[in-house]
Amino acid sequence: MVVVNSHRILTKVSFSRSRFANFFIAALCLGVICLVAPVIAGRRAQQGPNAVFLDAPSAVYAPDPNDSWNKIFFYLFSRRVETRITDEFPEFRGATSFTYREIPSVGISTRSFERDEVGDRAIDPLYPSFRSTGAEVVLNEPGYSDLSKALGQALGENTTRSPLARALMQADLWSAYDTLYSTKFSQRPMPETEQRRSLLDLLARMIRKIALTDREIDSLPANYSVAAPLQSLPVLFRNDGEWLEVAWMPMQHDYAAGYRRVARVFLKPVHPPRHVNTFLNGLRGDRYSLVDLNGVALVTQLLLINPKGRLLPTSLTTDVQVRLFEKTPDGALKRTSIQISEIGRRQLINSPLSGGLVVEDENAPAYRANGNDYTFASPQPFLGTPLLVRLRTRCTACHGSDLSRVMTFAFDSFPNGDIPPVRQLNPVAHQAADAVMEKKAKQKDFESLQAFFDTTQ
């Protein structure tokens, strides 16, 4: 039996992310902002059973930490997470470790640590949400009363909020609504309680109150294009560029996001193909071959709900993941360089000219995914707690030790034996969003939410 000693990870503000304005080395992973790297302290944590929340809200949506929107964000996102760490970090010194067959290259601490997470990054609230454990925090006291009060205050206010802030908050509230509506992916409503009914009502009313008009949604910034030259990100959204936007099978990332976001896939061929369709369809079912590709990119963008309850795409990017395949003169893979940037709500609202995308270093701490559970701080089945690894290590779980697997084409079986064609999309449009919105419109959680809108307007 392993005896777990709990220690607290002390960090500043957003705890795991480094800010660089002009360049970075970063990492690609499946779903994974601060001034310094985290410091793991040896002080034993003295926390009560309800000490899941941090000590106070942060100024994410407004300068005043006690602003109602900051308090809503606090109760949805800010958490004190119990986690194990690996021997990849210098703070591991002195910890007893063991190894696990799925990641034999690192040692895992036998004791756990506490880690403060503000949550201002590209994650969903009420995590971990793969099951109902994340939702239970606000369905029980004191979280229920505190979140209800903050939502009530926001509903009663006449404060003017910018379209950008409203867009980000609606996406956060929408994600919380879906999480409280059903256990993730099942679409089966959670057990009916007074607390659940009340929070769903408050969330839905707030989502409707701050909904953007079609014109406001069209005016939202294309923040990827703003951040790209600052962070040396590739130029993706043009028809005459080196990158091709493609769509094939349904994306796991869209599914994992509850179809509230759209994951757009881009490929960089080694040479401009003479016949694009022939080139793209030659990649089907090939998860390992890099002969024809110099890079892949994944850009995740928000969907929003307008005042009529209709789904619309946006140009707001929340997550950027890029892999570039460095090759030898004879075409063999030498190394995969990796980049990732995530949204910082506070940065985007306060400094829109930065693009609001915050660079992640490949050595930064990140929670390892649990199979197809991409939720933040997902508990590992062999530990019972989340596991903190290097960001690059997290990525290897799906993309291999050299990060060369192209999962977009990694399908070995197909319904009815029919292999659908790969399609080239128009990168200056929102074609990838059409299929995602079509799926979301049929989901029971969205039908439930849409009932709060006057769709006859």
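Figure 1. Glu242 counts as exposed, with a relative accessibility of 56%, where exposed denotes over 50% relative accessible area, buried under 20%, and partly exposed the range in between (1.4 Å probe, protein chains only). The model is predicted: local features need pLDDT of at least 70 and side-chain atom pairs pLDDT 80 or more, whereas totals for chains, interfaces and linings use all residues. Residues are numbered from 1 along each chain as its sequence is written, and side-chain values use heavy atoms, with hydrogens and water left out. The side chain of Glu242 meets that of Lys268 in a salt bridge, at 3.9 Å from N to O; the term requires a side-chain nitrogen of Lys or Arg within 4 Å of a carboxyl oxygen of Asp or Glu. Because Glu242 lies in the loop between helix H7 (223-231) and E7, and Lys268 in strand E8, the pair ties together parts that are 26 residues apart in sequence. Lys268 is partly exposed, its relative accessible area being 21%. Helices (H or I, at least four residues) and strands (E, at least two) are DSSP runs, numbered from the N terminus.

**Figure 2. Strand E7 and its two pairing partners, E8 and E15.** Strand E7 comprises residues 244-247, and both of its faces are covered. Leu244 and Val246 on one side are buried, as are Glu245 and Ala247 on the other. Strand E8 (residues 261-269) runs antiparallel to E7 and is joined to it by three bridges; strands pair if DSSP finds at least two bridges between them. Leu244 has Leu267 as its bridge partner in E8. Three bridges also join E7 to strand E15 (residues 423-425), again in an antiparallel arrangement. In E15, Gln424 is the bridge partner of Val246.

Figure 3. Asp116 and Arg80 meet through their side chains in a salt bridge of 2.8 Å, N to O. Asp116 counts as buried at 6% relative accessibility, and Arg80 is buried with a relative accessible area of 9%.

**Figure 4. The salt bridge between Arg197 and Glu192.** The closest N and O atoms of Arg197 and Glu192 are 3.3 Å apart. Arg197 counts as partly exposed at 46% relative accessibility, and Glu192 counts as partly exposed at 47%. The count of salt bridges comes to 26.

**Figure 5. The crossing of helices H1 and H4.** The axes of H1 (residues 68-77) and H4 (residues 163-181) come within 11 Å and cross at roughly 35°. The contact is made by Trp69, Ile72, Phe73, Leu76 and Phe77 of H1 and by Ala165, Arg166, Met169, Asp172, Leu173 and Ala176 of H4, contact meaning heavy atoms within 4.5 Å. These residues divide into nine nonpolar, no polar and two charged. Axes are lines fitted to C-alpha atoms, for helices over the stretch in contact, and angles run from 0 to 180 degrees between N-to-C directions. Ala, Val, Leu, Ile, Met, Phe, Trp, Tyr, Cys and Pro count as nonpolar, Asp, Glu, Lys and Arg as charged, and the others, Gly among them, as polar.

**Figure 6. The surroundings of Arg368.** Arg368 is placed in the loop between strand E13 (365-367) and strand E14 (387-390). Arg368 is buried, with a relative accessible area of 8%. Not counting residues up to four places away in sequence, Arg368 touches Glu102, Ile103, Ser378, Gln380, Leu387, Val389, Arg394 and Ala397.
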